[in-house]
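Me: Hi! Could you walk me through this structure?
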Amino acid sequence: MAFVTRQFVRSMSSSSSAAASAKKILVKHLTVIGGGLMGAGIAQVAAATGHTVLLVDQTEDILEKSRKGIEESLRKVAKKKFAEIPKGADEFVAKTLSSISTSTDAASVVHSTDLVVEAIVENLQMKKELFKRLDKFAAEHTIFASNTSSLQITSLANSTTRQDRFAGLHFFNPVPLMKLVEVIKTPMTSQKTFESLLDFSRALGKHPVACKDTPGFIVNRLLVPYLMEAVRLCERGEASKEDIDTAMKLGAGYPMGPFELLDYVGLDTTKFILDGWHEMDSKNPLFQPCPSPNKLVAEKKFGKKSGEGFYKYK
C-alpha cells in the first residue's frame, strides 16, 4: 500500500509540475523598445541565444547606429569564442544579425511577439504612455516588461490592462558581459509570468534573481545609498575622495572606488534615481539629496561621458 501511495504521490507531483510548465510562456519572439546601449545589448544577447528579435526606435538613423554597435560587439565576442576558427566567427555574427530586424513603428509589430522589453529613457510618463498604447495592439499572451532601474513597476503596469502579465526585467550594463538580471514581481504579476521571465533570463545565459517592487530593487537599493554615504563622508571633510576610493579598493576589494563608480555610471543618472526615491519617501535618511553631486550635475559635469565629474578625464 505504501508503495502504491508513493507512486501516486510521484505521479500527481509530476502531473502538477508538467501542468505548471505547460502554462508558462516560452519566449521565442522578443520585441525590444529602445535602441540605446541597453536595448541594443538585450537584442544582441537574445538573438545570439536563438531568439527572433525586433528592435524598435524612433528613427532609422538610431536603428542603424544600434545595428552597427551590435555588430561591433558581436565581433568582439566572436573573436574570443572562435579564436581558432575565423570562419565560425563570421558565421556566428551573420547568423545573430539575421535574427534581428528593426522598425520605427512599435504598435504595428507587437501583435505577434511573446515578450516586449521596454528600454527607453527613464521617464515615467513616457513609459506609461508607451505601454498604454502597445497594450491595445499586443496579443493576449504577450508579456510586458520594463528594464527600468529606478521607477516603480506597479505604476507602469497600471497603465495597461495586463497587470498580471507585467513585470520588471532589469539588465546590467554592458548586457553581453553582465550575468545578472533582476526579475521584479509586482503584487499583480502572475506566477506564470514570473516563472516565464525566469526561464527567459536563463535561456539568455543570465543568472536571474527575484525581487519585489521596492525602490532600486536589490543592486541599486544597496549601491546608491553606499555611494551617497561616501559623498557625505567627503562633504563633511572626514576623508578625501581619493582616499575613500583607495580605501574601498584596497580594503574592501572593490574594482572601483565610490567616486570613480559615480563618474562611470553618470552623476545625472544617480541623481535621477535618488531624486525619484526622495519623492516617494522624503523622510528616509538613505534617500536624502547630496549638495556636491547636485552642483556638478547643474554644471553639466556628469562624469566620464562629459569629460569631468568628481574627477577630470581627457
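Reply: Happy to, starting with a term: a crossing is right-handed if the near helix is turned clockwise from the far one by less than a right angle, and left-handed if anticlockwise. This is a predicted model, with pLDDT of at least 70 needed for local features and 80 or more for side-chain atom pairs, while totals for chains, interfaces and linings use all residues. Residues are numbered from 1 along each chain as its sequence is written, and side-chain values use heavy atoms, leaving out hydrogens and water.

Me: Which hand does the crossing of helix 2 and helix 3 have?
Reply: The crossing of helix 2 and helix 3 is right-handed.

Me: And which residues make the contact?
Reply: Helix 2 brings Ala40, Ala43 and Gln44, and helix 3 brings Ser66, Ile70, Ser73, Leu74 and Val77; contact here means heavy atoms within 4.5 Å.

Me: Switching topic, what does UniProt list for "binding site"?
Reply: An unreviewed UniProt entry lists a set including Asp57, Glu122, Lys127 and Lys305; such annotations may be inferred rather than shown by experiment.

Me: How far apart are the farthest two C-alpha atoms in that set?
Reply: They are 24.6 Å apart and the set spans 272 residues in sequence, so the residues do not all gather at one spot.

Me: Where is Asp57 found?
Reply: Asp57 sits in the loop between strand 2 (52–56) and helix 3. Helices (H or I, at least four residues) and strands (E, at least two) are DSSP runs, numbered from the N terminus.

Me: Where is Lys80 found?
Reply: Lys80 is in helix 3, and the unreviewed UniProt entry also has a "binding site" annotation covering Ser73, Lys80 and Ser149.
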